[in-house]
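Please walk through this structure with the model open beside the text.

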Amino acid sequence: MSITETFRNETVFVTGSTGFLGKILTEKLLRSFDVKNIAVLVRGKNGLAASQRAVDLFEQPIFDRLRIEKPDFMTKIKIIDGHLEEQSLGISSNNRDWLIKNVNFVFHCAATIKFNETLQIATKINIQGTENILVLASNMNNLKGFVYVSTAYSHCPRSEIKEEFYHVPITAKELKQLIKINSKIDNVSVDWPNTYTFTKALAENMILTNDNQLPISIFRPSIVGCTQSEPEPYWLDNIQGLAAVVTSLIIGFVRVVPMNLNKKTDIVPVDYTVNALISVMWDTVNRYKNSNERNKDPKMYNYVSSIDSTLYWSTFIDYVYETYHKVPPLQSMWYICCVFSANRWIINIMKFLLHRVPAALVDLSLFIYGENPKMLKMYSRKEKMIDTVKVFITNEWKFDNSNTRELWTLLSQEDRKRFWFSFENFDWKSYIQNLVYGIRKHILLEDLNNITEALLKHRKLFWLHQLCICFSIYIIFQVYWMFMVLLI
């Protein structure tokens, strides 16, 4: 049975539909399949009810193509008001009964992806929230498949990550108990760089030890980037992780980044990721039609690009620079110039010279003119943000993706066309160019019709940058000359 036929007239439950990955998944499901219903778990936030947040979500431009191709798509949406971390998800009894009776597929994408989140909050959302979804799914009368979205870096303390479960120093149950009694938990996740990857690792093992025997698989994407083509090219809507680093770089704000240019990166377009995720659900359904599969461990799928299409950070940065020189942002505050190094001492020295000193001079001028100093605080926040992703841009991992490769061979030619996720002959230069375009359009809100003006400003910033270099060399020479005179 094809992927399209698998989802025909079925009901899908999606968590995390308001997130980056969840939006593209929901849009693709609605546009590609004749589903019966798609239930989306949405919570009230910032004074907005769940229903209003859902309405605002589906009015976003990313759903424009869907509005054209399927103008009545809203009739298939069922909004479930709930909170992941609350008991029984905090949903009404009527909604719970409806989900139990009708849902056939569950995509659990919701998570807190803040790398600096406290372990208590990350545990509530990423572990307790997952457990709550599993309990609900175990009661569903017609469940055919469940896919949990983890991350390829869930076991990043390892240098090689295969498609298998690994030992964790503490179980999810034990961690929740320690938090409950307010016990010290600072050293629990010491080997992991952040609470996000740690709680994802624990959630994976919680699924392994779950007694519900669900038809379940675990999907592990690497760094998820902007779209390649669907529903529109180079779309993104958040300034986190990789997009935040590139944005700060091309506007000339960040001049020092801890990055090892000789290491491989691993980026996957979000639309490719969604296609792979849907294909994993299809494979999960097919495998669990065989009752013997229920007695086996859930299957893992590492969705990574570095095996089939290697990209080094040096090449990535070269392509960013090349695109920047063609389409620099009008909002650039300085000419693009950045020091990349994995050496801690070089990074700290250059941060002082290229971040702290210029920021202090700007703050001094603001103080003199009676305005609030802000540049030092801005650089402090930005450096902390970059430090949260430091481990991913200074290291590389050896991944195994045998299950994902096998899945690709199982797809028909028609399914491959509609749900393409292979990195065979992938054009990284074009993709990274599109990433910069996407940041200009969706993050900086600049259209390409300002290129002439932006290039003019770019030339001015270039000569100002050269002037500052010459002035700096002059100052250094003068200091050196004075020092030599004193010695003589």
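Which residue in β2 is the bridge partner of V14? The partner is V40. This is a predicted model, in which local features need pLDDT of at least 70, side-chain atom pairs count only at pLDDT 80 or more, and totals for chains, interfaces and linings use all residues. Residues are numbered from 1 along each chain as its sequence is written, and side-chain values use heavy atoms, with hydrogens and water left out.

Start with the strands. Strand β1 covers residues 11–15 and strand β2 covers residues 37–42; they run parallel and are joined by five bridges. Helices (H or I, at least four residues) and strands (E, at least two) are DSSP runs, numbered from the N terminus. Two strands pair if DSSP finds at least two bridges between them.

Now widen the view. β1 and β2 belong to an open sheet of seven strands, in the order β3-β2-β1-β4-β5-β7-β12, with parallel pairing. The edges are β3 (77–81) and β12 (299–303). Each has a single partner strand, so one side of each is left without a neighbour in the sheet. Neighbouring strands of this sheet are turned by 20° against each other on average, direction ignored. The angles are taken between axes, which are lines fitted to C-alpha atoms (for helices over the stretch in contact); they run from 0 to 180 degrees between N-to-C directions.

Move along the sheet to β4 and β5. These strands pair in the parallel sense over four bridges. In β5, V147 is the bridge partner of F107. β4, helix α6 (residues 119–138) and β5 make a right-handed β-α-β unit. Right-handed means that, with the strands pointing away from the viewer, the path from the first strand over the helix to the second runs clockwise.

The next strand is β7 (residues 216–221). Four bridges join β5 to β7, and the two run parallel. V147 has S217 as its bridge partner in β7. β7 is mostly covered, with six of its six residues buried. One side carries I216, I218 and R220; the other carries S217, F219 and P221. β7 then pairs with β12 in the parallel sense over five bridges. There, R220 stands opposite N302.

Turn to the rings. The structure holds 32 aromatic pairs. Rings of Phe, Tyr and Trp (its six-membered ring) pair if their centres lie within 6.5 Å; planes under 30 degrees apart count as stacked, over 60 as edge-to-face and the rest as tilted. F7 and F105 form a tilted pair, 4.7 Å centre to centre, with 40° between the planes. The pair links distant parts of the chain: F7 is in helix α1 (residues 3–7), F105 is in strand β4 (residues 105–108), and they are 98 residues apart. F7 is buried, at 0% relative accessible area. F105 also counts as buried, at 0%.

W408 and F421 give another geometry. Their ring centres are 4.9 Å apart and their planes are at 75°, so the pair is edge-to-face. W408 is in helix α14 (residues 402–410), whereas F421 is in the loop between α15 (413–418) and α16 (428–443). W408 counts as buried at 11% relative accessibility, and F421 is buried at 3%. Both belong to a cluster linked by ring pairs, whose members include F219, Y272 and Y303.

Charges meet rings too. K78 lies over the face of W98, at 5.1 Å from the ring centre. The charged end of R344 sits over the ring of W345, 4.9 Å from its centre. The criterion is NZ of Lys or CZ of Arg within 6 Å of the ring centre and within 35 degrees of the ring normal.

Finish at the annotated span. An unreviewed UniProt entry annotates residues 461–483 as "transmembrane region". UniProt positions are given in the numbering used here, feature names are shortened, and annotations may be inferred rather than shown by experiment. In the model, residues 461–483 are 100% helix and 0% strand, with end C-alpha atoms 33 Å apart.

Definitions and conventions: Buried < 20%, exposed > 50% of the residue type's maximum accessible area, 1.4 Å probe, protein only.
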